[in-house]
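Me: I have a structure open and would like to go through it step by step. Could you help me read it?
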Amino acid sequence: MNDTENAVAEGVDALTLNKDNDVTVATEATVNEEQEDIVNPWHVTSMNEAGIDYDKLIKRFGSSKIDEELITRFEKLTGKPAHHFIRRGIFFSHRDLHTILNLKEQQKPFYLYTGRGPSSESLHLGHLIPFIMTKWLQETFNVPLVIQLTDDEKTLWKDLKVDEAIQLARENAKDIVAMGFNVEKTFIFNNLTFMGQCPSMYQNIIRIQKCVTFNQVKGIFGFGDSDVIGKIGFPAAQAAPAISSTFPFLFGNKKVQCLVPCAIDQDPYFRMTRDVSPRLGYPKCALIHSSFFPALQGAKSKMSASEQNSAIFLTDTSKQIKNKINKYAFSGGRDTIEEHRALGGVPEIDVAYQLLKFFLEDDTKLEEVRIAYSKGEMLTGDLKKLAIETVAPIVEQHQAARKLVTDDILDEFMKIRPLNFSGSN
Ligand code: TYM
């Protein structure tokens, strides 16, 4: 492990901006006293089989819960039911989502910003979560979307050369395009290329870097003395797209509010961003946070591209998916069939059930499964079979769609151009 990884693994992680958004440096001692779960851009682990305690995390991070009142307001304003990720509490936390709803009410513009760090050839099911939500939000609000591929980040953090990271970014971008984003409203860029094409991006990075001290990023991200200097400056590159002037070809000189869908591991970047934006005269970005899709081995850690067997990749064949779920998916069932029939299973810790919670859209069916498994009427094998039948076709369809994404189609998404939306120039 390098310095950053050591520091964050020990718990010198992201707990740095208090509720007033002042930057404070959390010491290892204060962090360890207060919590067991570790959640930061590099590590997500819990001691608990049910996974991260998300209510505690909301308190620690100073974000807000997505409660019934917010969901009701959301549904009233959009005139349709909230996405099942929201209804089922998978997207559970937010910052300033009410501000976004106010803008919608006043028919004022905002834009969406999300991203991917291209560390592997293929995305896994967990990565799909924020992108599925982003697509739904884009369709629901009819707003522009920018998608950042941080090939610079992955060159700095992983054993990757610049050229390799750029290539992975393109591969990943094809997976993202295959999800069906609208080319007229979506701009995809990779930092290592875009930075040289758009001076505003680098200019904003410098403005942001001027507002944050080494001590502050050390506190937020756990950087240490022997981390390479690129890492120390990098958070500004993830922050810049949340400031609309980074994209003059989209927003001109308008100060447009931004909404970032992501899993909550990325929140440290945006706590920093929210601290800096008003100092540069821009609104704080709003956020909508997802919980983690668990590793196949269980909810103590998240599905991760660096742990091959923890993840179902979008390149996996149906046979591989079947084998992985059957072999690795952690079971909430009992030791013997008799015991299971008598006591029932525990869906909350069962990975096959979690797969269904994320990907089985039918609420009624999901509830029937939950009850049948909890009562012991369904066995782990039944649950795994249903999970395989649900997930394998989704991955197959994705693969078919991805085959149709040519380099030319990708280039269209990555071309610097105005997008078609009501607040554009
Ligand atoms: P990356 O590539 O690690 O992850 C991409 C997105 O997927 C989310 N994610 C997950 N969500 C649910 N369950 C999981 N198991 C899981 N694993 C990852 C991440 O939170 C992220 O939203 N530095 C970023 C790239 C980035 C970005 C952004 C992300 C640049 N700008 C703006 C979100 C918003 C990264 O390496 O993500």
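Predicted model: local features only at pLDDT ≥ 70, side-chain atom pairs only at ≥ 80, totals over all residues.

Me: Which strand is joined to β7, and do the two run parallel or antiparallel?
Reply: Strand β6, residues 145–149, is joined to β7 by 5 bridges, and the two run parallel. Within this pair, Val146 has Phe187 of β7 as its bridge partner.

Me: What holds strands together in general?
Reply: Strands of a sheet pair through backbone hydrogen bonds, either parallel or antiparallel.

Me: Where does β7 sit in the whole sheet?
Reply: The sheet is open and has 7 strands in the order β3-β4-β9-β8-β5-β6-β7, with mixed pairing. β7 stands at one edge and β3 (64–65) at the other; each has a single partner strand, so one side of each is left without a neighbour in the sheet.

Me: What about the β3 end, then? How many bridges join β3 to β4?
Reply: There are 2 bridges between β3 and β4 (residues 91–95), and these strands run antiparallel. Lys65 stands opposite Ser93 in β4.

Me: Changing topic: which residues come nearest to the ligand?
Reply: Of the 24 residues around the ligand, Gly115, Gly117, Gly126, Cys262 and Ala263 come nearest. The elements giving two or more residues to this shell are β5 (110–116), α7 (125–141) and β8 (257–263).

Me: What classes of residue make up that shell?
Reply: The shell has 10 nonpolar, 10 polar and 4 charged residues.

Me: Now the helices. At what angle do α9 and α22 pack?
Reply: Helix α9 (residues 162–177) and helix α22 (residues 407–414) pack at about 85°, and their axes are 10 Å apart. Angles of 65 to 115 degrees count as roughly perpendicular, which is why α9 is described as roughly perpendicular to α22.

Me: Which residues meet there?
Reply: From α9, Arg170, Ala173, Lys174 and Val177 meet Ile409, Leu410, Phe413 and Met414 of α22. By class, this contact has 6 nonpolar, no polar and 2 charged residues.

Me: Last one: how many residues lie between β10 and β11?
Reply: These two strands form a hairpin with 2 residues between them. β10 (residues 294–295) and β11 (residues 298–302) pair in the antiparallel sense over 2 bridges, and Ala295 has Gly298 in β11 as its bridge partner.

Note on methods:
Residues numbered from 1 in each chain as written. Near = placed C-beta within 6 Å. Helix = DSSP H or I, 4+ residues; strand = E, 2+ residues; numbered from the N terminus. Nonpolar A, V, L, I, M, F, W, Y, C, P; charged D, E, K, R; others polar. Axes fitted to C-alpha atoms, helices over the stretch in contact; angles between N-to-C directions. Parallel < 35°, antiparallel > 145°, perpendicular 65-115°, else oblique. Contact = placed C-beta atoms within 7 Å. Pairing = 2+ DSSP bridges.
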